[in-house]
Amino acid sequence: MKALINDSKLLKKIDFTLIVIVLLICAYGVVIISSSTLNHRLGAPHFVRSQIKSVAIGLIAMGFMLSINYKTLKRLALPIYLISNALLLMVLIIGVGQEDWGASRWIRIGGIGFQPADFVKIGLIICLAKIVDDQKEYINQPATLFKILGFMFVPLVLIMLQPDLGTTLVLGAIIFGVLFIAGLRYKYILMGAILGLFAMPIFWNLLEDYQRTRILIFLNPEMDPMGAGYQIIQSKRAVGAGMLRGQGLYSGTQSQYGFLPERHTDFVFSVIAEELGFIGAAVLLFLFVAMLVKCIYIAMNAKDDFGMFLVVGVIFMLAFHIFINVGMAIGLMPVTGKPLPFISHGGTFMLTNFMAIGLVLNVYMRRDVINF
């Protein structure tokens, strides 16, 4: 009975405003998915049902994350780390990946497929929060930094070997964000930036051919307008055609006539800009900002540093995805295949986003619990 009473009290402390904001973004996404797939061979109803199903499953996953005391996740950090690396190894060694643009990123079991790298992002946020929380008093000692970076090096390399540059960059942003909030000195940030510049030639040679092509095309899409540069050119045309009010839902020239590729996944923001214009895009960006501001507030009011680091990791994960996807659509970032949170079609990514929000709500829900 006492447990039920405590659970009831905790439920009253959930930040329902954040849930409403997320659901509004999801609803926005469902509408845009219905438009972007209107002339798809499978038909818009197929994708709309799939997206709604993904949201429903995501809500269940969010509820599951809420049911686990986030302190328990801290104690399970090592098993989570080992499982995360095992999933990444399955893609590379067992050979159950699905080839996609030169990369093997999927695992299929029967008729179910998922991308381990998406789930690994949540697992590594938990692991990173744990090790930084344990070492926060010594965060600016070189030995401690090498320990933390070494801990994260293994999954980063495994993801790079898929290869998946986009997810590697996302994890890099998460690591930087958590370390920065933990009090990393600016001199280490500057040193890291300088080392990164000197390492760029080595990094360039480690990239796959298609990844190098994407970067070169980003710098000059016109070098291959009907090939590798086609996506960026059509996306920029779609965004520019929307102007202030857009061409109207289900009426975008680039999206409805099939000129814009990957319009329900990677380039869904281009559809929004073309059909709903600057106003429609601004409304979505406002909802994203509201979601991130709520998460920042929750991080600032977390009961402990571990909880704060969890939320910070989620903030940087979501913010970086939004920044990369929108930048990609308007030609300010190279094409990396990173979808737009809660908007792009995709079950694994949607599930991951809801799990991340579940972590944030978990921290807020237990912000003033005395014994937990």
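At 8% relative accessibility, Ile175 counts as buried (under 20% relative accessible area; exposed is over 50%, partly exposed lies in between; 1.4 Å probe, protein chains only). The model is predicted: local features need pLDDT of at least 70, side-chain atom pairs count only at pLDDT 80 or more, and totals for chains, interfaces and linings use all residues. Residues are numbered from 1 along each chain as its sequence is written, and side-chain values use heavy atoms, with hydrogens and water left out.

Ile175 sits in helix H8, residues 165-181. Helices here are DSSP runs (H or I, at least four residues), as strands are (E, at least two), numbered from the N terminus. Leaving aside residues up to four places away in sequence, Ile175 touches Leu128, Leu149, Met152 and Leu156. Contact requires heavy atoms within 4.5 Å.

Met160 belongs to helix H7, which covers residues 142-160. Its contacts, not counting residues up to four places away in sequence, are Leu165, Thr168 and Phe203. Between Met160 and Leu206 the chain separation is 46 residues, and the C-alpha atoms are separated by 9.5 Å.

Helix H13 (residues 268-300) packs against helix H14 (residues 305-329) at an angle of about 165 degrees, and the axes are 10 Å apart. Axes are lines fitted to C-alpha atoms, for helices over the stretch in contact, and angles run from 0 to 180 degrees between N-to-C directions. H13 and H14 are therefore roughly antiparallel. That class covers angles over 145 degrees; under 35 counts as roughly parallel, 65 to 115 as roughly perpendicular, and the rest as oblique. The crossing of H13 and H14 is left-handed, a term that applies if the near helix is turned anticlockwise from the far one by less than a right angle, with clockwise giving right-handed. On the H13 side, the contact residues include Leu285, Phe288, Met291, Leu292 and Cys295. Among their counterparts in H14 are Val311, Ile315, Leu318 and Ile322. The residues of the contact of H13 with H14 divide into 18 nonpolar, two polar and no charged. Nonpolar here means Ala, Val, Leu, Ile, Met, Phe, Trp, Tyr, Cys and Pro; charged means Asp, Glu, Lys and Arg; the others, Gly among them, count as polar.

Helix H2 (residues 16-36) also packs against H13. Their axes come within 10 Å and cross at roughly 160 degrees. H2 and H13 are therefore roughly antiparallel to each other. H2 passes H13 in a left-handed crossing. By class, the residues of this contact are 20 nonpolar, four polar and two charged.

H2 has a further partner in helix H15 (residues 347-365): the axes come within 11 Å and cross at roughly 165 degrees. That makes H2 roughly antiparallel to H15. The crossing of H2 and H15 is right-handed. Leu18, Ile19, Val22 and Cys26 in H2 meet Met350, Phe354, Ile357, Val360 and Leu361 in H15. This contact of H2 with H15 has nine nonpolar, no polar and no charged residues.

Cysteines were examined next. A disulfide is taken as a pair of cysteine sulfur atoms within 2.5 Å. By this rule the count comes to zero disulfides. For Cys295, the closest cysteine sulfur is in Cys26, 13 Å away and therefore too far for a bond. Cys295 is buried, at 0% relative accessibility. Cys127 is buried too, with a relative accessible area of 2%.

The loops hold two residues with positive phi. Met243 has phi near 50 degrees, a positive value in a residue other than glycine. Met243 is placed in the loop between helix H11 (230-242) and helix H12 (253-256). Its relative accessible area is 64%, so Met243 is exposed. Glu262, again not a glycine, has a positive phi of about 50 degrees. This residue lies in the loop between H12 and H13. At 32% relative accessibility, Glu262 counts as partly exposed.

Pro261 is in the loop between H12 and H13. Pro261 is buried, with a relative accessible area of 19%. Not counting residues up to four places away in sequence, Pro261 touches Tyr230, Gln231, Gln234 and Phe267.
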